[in-house]
Amino acid sequence: MSIQKDQLIMKGISKTFPGVKALDEVSFEIISGEVHSLIGQNGAGKSTLMGILNGITKPDDGQILFNNKVVKIDDPKDAFNLNLSIVHQEFALCNNLTVAENIYLGDEPHNKSGFVNYKKMHLDAKILLESINVNLSTNKIVGNLNTSQWQIIEICKALAKKPKFIVMDEPTASLDEKQIDNLFEIINTLKNNGIGIIYISHKLKEIIHISDRITVLKDGKINDSFLKNEVNEEGLIKSMIGKNISIKNNNQNIINFQKPILKINNYSYSNTFKKIRMDLYEGEILGLSGLLGSGANELLRCIFGIIKQDNGQLSLNDKVVTINKPRDAIVNGIGYIPSDRKNEGLIQNNSIKDNSVLTIFNKLTKMGFFKFNAAAKTTNNYVKKLDIKASNIDSFVMNLSGGNQQKVVIAKWLVKNCKILLFDEPTRGIDIAAKTQIWKLISEFTNEGGSVIVVSNEIPELIINCNRIITMQKGLISNTFNHEDFNEQKISLNISSK
Ligand SMILES: Nc1ncnc2c1ncn2[C@@H]1O[C@H](COP(=O)(O)OP(=O)(O)OP(=O)(O)O)[C@@H](O)[C@H]1O
Ligand SMILES: [Mg+2]
């Protein structure tokens with residue numbers, strides 16, 4: 001006996017935002033037990049389409065059919081009633097609540113007297129986390145966790161609703177290799193249980209690996225649809241962008257490894273990293289790579305003064321400098337592009353212009369007057385340089401697609417003329433064309449004498465662009481690779497937990 005498969009169809013969906021036609025008669029379907037991927041450049045309309053499926057965004061036109069019957073999805077509750085869950089691209093967690101409280105928020109188990117049954121809630125959360133091989137205490141306060149852990153909690157939130165269909169909008173953007181493998185196992189289990197998965201990612205290798213079908217959106221329209229094994233990475237890039245493209249090395253600097261511009265000596269912080277010694281040279285792109293818990297992201301935050309080291313010294317051009325807070329780092333010419341752009345990187349309900357010139361606000365103010373024209377000129381310059389897709393520079397950043405928001409964060413620091421830039425996962429959620437642009441900008445910055453530390457788990461990208469790569473494991477430096485010794489396998493081995 002064959003099992004009845006459910007089918008969800010979006011038909012002729014259109015949506016226009018002021019100044020942007022985000023979707024133009026898009027049709028898309030998902031069937032139980034398949035992974036149907038949706039790909040496209042930043043701003044192509046992927047999240048908007050999923051917002052419509054989840055009842056967050058109202059379409060101007062089009063229909064949604066469940067098993068050939070038209071259904072109305074006017075709000076997320078309607079989507080929930082159709083057993084549809086979504087793992088959103090941007091995190092929506094309550095920082096002051098625990099892991100378990102976040103997973104079951106709005107759907108808490110109650111006891112007979114009507115009170116929240118915390119014991120059951122924590123037990124259910126524990127079972128759920130264990131079922132997907134995640135070792136995380138359900139009592140932890142979410143605000144104290146990192147972006148990968150937030151991503152896992154978002155996935156758990158969606159799974160807790162026991163969905164028939166699940167949308168994953170860039171679920172692996174903040175996950176390391178090991179966690180991605182883990183997620184793929186979860187996806188395979190879900191598939192075998194008859195759950196249909198809509199999968200969105202800019203990581204094309206993943207897309208090829210996990211998808212049964214792949215649909216390409218381009219400028220709000222369906223451009224192509226492929227079955228598994230019908231297409232390779234180049235084919236997908238060509239369909240998304242219209243031409244072949246690959247990340248190239250633009251970093252031509254010959255580094256003088258005699259005099260470091262930044263020197264870290266014996267840096268330790270809590271249980272997170274220990275006795276770190278590291279040098280950064282003028283014109284250098286230094287890659288820093290490690291899995292969750294390696295301490296790499298925290299080390300960057302410490303250099304910028306967001307967290308304060310317990311021990312150790314930092315020197316700039318041989319002079320010891322005290323960095324107690326981000327202001328101290330900025331005054332000393334250090335900028336930081338965080339991985340959590342939504343909360344740390346941008347003021348969401350401000351314009352692209354206001355965000356871009358935030359770091360040079362004083363410079364643009366003369367005798368109490370703000371130089372609007374200069375601000376607009378600078379912003380337009382970076383919008384063009386970074387190819388930021390928006391109707392104009394006065395658009396609020398919260399209305400930009402995820403990838404375009406990331407570009408605004410980068411613009412904000414590039415305008416500042418820092419000497420050192422610290423990038424935490426700069427190409428997270430960025431399409432291949434924009435990745436090449438961002439690496440080009442990083443190289444240009446170093447070609448002009450700036451120095452960069454990039455924390456990233458995208459080892460192939462680091463190999464192409466960095467002068468040296470330092471690997472970290474469990475809070476310690478495990479190895480340093482010079483350019484001539486770069487080897488993807490060896491680097492991977494040096495970051496994996498043995
Ligand atoms: N609320 C909104 N108001 C105005 N414009 C919007 C709004 N939401 C999305 N847009 C615009 O619609 C277009 C599609 O955005 P969407 O977020 O769907 O892209 P995406 O394919 O998910 O991109 P990314 O890969 O960067 O996440 C973009 O040009 C975006 O700026
Ligand atoms: Mg998106």
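This report covers the domains, the ligand shell, the nonpolar cores and some local features of a predicted model.

## Basis of the model

The model is predicted: local features need pLDDT of at least 70, side-chain atom pairs count only at pLDDT 80 or more, and totals for chains, interfaces and linings use all residues. Residues are numbered from 1 along each chain as its sequence is written, while chains are lettered from A and ligands numbered from 1 in the order in which they are written.

## Two domains

The chain is assigned domain 1 (7–241) and domain 2 (260–495). These bounds come from an automatic or database domain assignment. The C-alpha centres of domain 1 and domain 2 are 29 Å apart. Their contact takes 24 residues from domain 1 and 21 residues from domain 2. Two residues are in contact if their C-beta atoms, placed from the backbone, lie within 7 Å.

On the domain 1 side, helix 5 (147–160), helix 6 (177–192) and helix 8 (233–241) each give two or more residues. Helix 6 gives the most, with three residues. Helices here are DSSP runs of H or I with at least four residues, strands are runs of E with at least two, and both are numbered from the N terminus. By residue class, the domain 1 side has seven nonpolar, twelve polar and five charged residues. Nonpolar covers Ala, Val, Leu, Ile, Met, Phe, Trp, Tyr, Cys and Pro; charged covers Asp, Glu, Lys and Arg; the others, Gly among them, are polar.

## Around ligand 1

Ligand 1 is surrounded by 20 residues. The closest are Phe-17, Asn-42, Ser-47, Ser-401 and Gly-403. A residue joins this shell if its C-beta atom, placed from the backbone, lies within 6 Å of the ligand. Strand 2 (20–31), helix 1 (46–53) and helix 14 (402–414) each give two or more residues to the shell. The shell holds six nonpolar, twelve polar and two charged residues. Both domain 1 and domain 2 give residues to it, so ligand 1 lies between them.

Helix 1 is mostly covered: eight of its eight residues are buried. Buried means 20 or more other C-beta atoms within 10 Å of a residue's own, exposed means 12 or fewer, and partly exposed lies in between; the C-beta atoms are placed from the backbone. Among the buried residues of helix 1 are Lys-46, Ser-47 and Thr-48. Just after helix 1, Gly-55 has a positive phi of about 80 degrees.

## Nonpolar cores

A nonpolar core is a set of buried Ala, Val, Leu, Ile, Met, Phe, Trp, Tyr and Cys residues joined through C-beta atoms within 7 Å. The largest has 70 residues. Leu-300, Ile-410, Leu-421, Leu-422 and Val-452 have the most contacts inside it. Apart from it lies another core, of 58 residues, including Val-26, Phe-28, Leu-84 and Val-231.

Leaving out residues up to four places away in sequence, Ile-410 touches Ile-337, Leu-386, Pro-426, Ile-438 and Leu-441.

## Met-121 in helix 4

Met-121 sits in helix 4 (residues 118–131). It counts as buried because it has 20 C-beta neighbours inside 10 Å. Beyond neighbours within four places in sequence, Met-121 is in contact with Ala-100, Tyr-104, Glu-108, Pro-109 and Val-116. Thr-138 is 17 residues from Met-121 along the chain, and their C-alpha atoms are separated by 9.2 Å.

## Strand 21 and its partners

Strand 21 (residues 468–473) is mostly covered, with five of its six residues buried. Five bridges join it to strand 13 (residues 285–290), and the two run parallel. Strands pair if DSSP finds at least two bridges between them. Ser-289 has Thr-471 in strand 21 as its bridge partner.

Strand 22 (residues 476–482) runs antiparallel to strand 21, with six bridges joining them. Gln-473 stands opposite Leu-476 in strand 22. Strand 21 and strand 22 form a hairpin with two residues between them. In the turn, Lys-474 has a positive phi of about 45 degrees.

## Positive phi at exposed residues

Asn-266 is not a glycine, yet has a positive phi of about 60 degrees. It lies in strand 11 (residues 260–269). With 12 C-beta neighbours inside 10 Å, Asn-266 counts as exposed.

Asp-318 is not a glycine either, and its positive phi is about 70 degrees. It lies in the loop between strand 14 (311–316) and strand 15 (319–321). Asp-318 is exposed, with 9 other C-beta atoms within 10 Å.
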